[in-house]
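Student: Could you take me through this structure step by step and show me how its features are read?

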Amino acid sequence: GQEYSYGFIEDGPGVFACFPKSCPLFSYRESFPMGDTPLSLWSFNRLIARLETEWPGNEYDLLSHNCCHFSEELCKQLQVPKPFPSWVKNL
């Protein structure tokens, strides 16, 4: 599998994929299963392509537009059954 995140880059999409728990840019606290998405693989791929345009890397902001905000939006768009954990965005 892959995991998706968001980070700063001067030019291009800030959305990127890597192997789960292996991104050297982040410290992982824990995994939190959110449930299954009802999206098909085709719909998922379209979603990621759309998010790549909506989340450009040069709009990254440590406090107001970061990887935690992206994760929350991704979960919302994936329509997963569990609510996004509020502690994730507490800095």
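Tutor: Let us begin with a contact between helices, where contact means heavy atoms within 4.5 Å: Phe44, Leu47, Ile48, Arg50 and Leu51 of helix 1 meet Phe70, Glu73, Leu74, Gln77 and Leu78 of helix 2. The residues of this contact divide into 7 nonpolar, 1 polar and 2 charged, where Ala, Val, Leu, Ile, Met, Phe, Trp, Tyr, Cys and Pro count as nonpolar, Asp, Glu, Lys and Arg as charged, and the others, Gly among them, as polar. Please keep in mind that this is a predicted model, in which local features need pLDDT of at least 70 and side-chain atom pairs count only at pLDDT 80 or more, while totals for chains, interfaces and linings use all residues. Residues are numbered from 1 along each chain as its sequence is written, and side-chain values use heavy atoms, with hydrogens and water left out.

Student: Which residues touch the most other members of the largest nonpolar core?

Tutor: A nonpolar core is a set of buried Ala, Val, Leu, Ile, Met, Phe, Trp, Tyr and Cys residues joined through side-chain atoms within 4.5 Å, and buried means under 20% relative accessible area, exposed over 50%, and partly exposed in between (1.4 Å probe, protein chains only). The largest core has 14 residues, of which Leu51, Trp55, Phe70, Leu74 and Leu78 touch the most other members. Helix 1 and helix 2 each supply at least two residues of this core.

Student: How many aromatic pairs does the structure hold?

Tutor: Rings of Phe, Tyr and Trp (its six-membered ring) pair if their centres lie within 6.5 Å, and planes under 30 degrees apart count as stacked, over 60 as edge-to-face and the rest as tilted. The structure holds 6 such pairs. In one of them, the rings of Tyr6 and Trp55 have centres 5.0 Å apart and planes at 75 degrees, so this pair is edge-to-face. The pair links distant parts of the chain, with Tyr6 in strand 1 and Trp55 in the loop between helix 1 and helix 2, 49 residues apart. Tyr6 is buried at a relative accessible area of 0%, and Trp55 also counts as buried, at 9%. Another pair is formed by Phe16 and Phe26, whose ring centres are 6.2 Å apart and whose planes stand at 0 degrees, so the pair is stacked. Phe16 is partly exposed at 24%, and Phe26 is partly exposed at 25%.

Student: Is Ser5 buried or exposed, and what does Ser5 touch?

Tutor: Ser5, whose place is in strand 1 (residues 3-6), is buried because its relative accessible area is 9%. Not counting residues up to four places away in sequence, Ser5 touches Gly14, Val15, Phe16, Phe26, Cys67 and Phe70.

Student: Where is Gln2 found?

Tutor: Gln2 lies in the segment before strand 1 and is exposed, with a relative accessible area of 52%. Gln2 and Pro20 are 18 residues apart in sequence and 5.7 Å apart in space, C-alpha to C-alpha.

How values were computed:
Helices (H or I, at least four residues) and strands (E, at least two) are DSSP runs, numbered from the N terminus.
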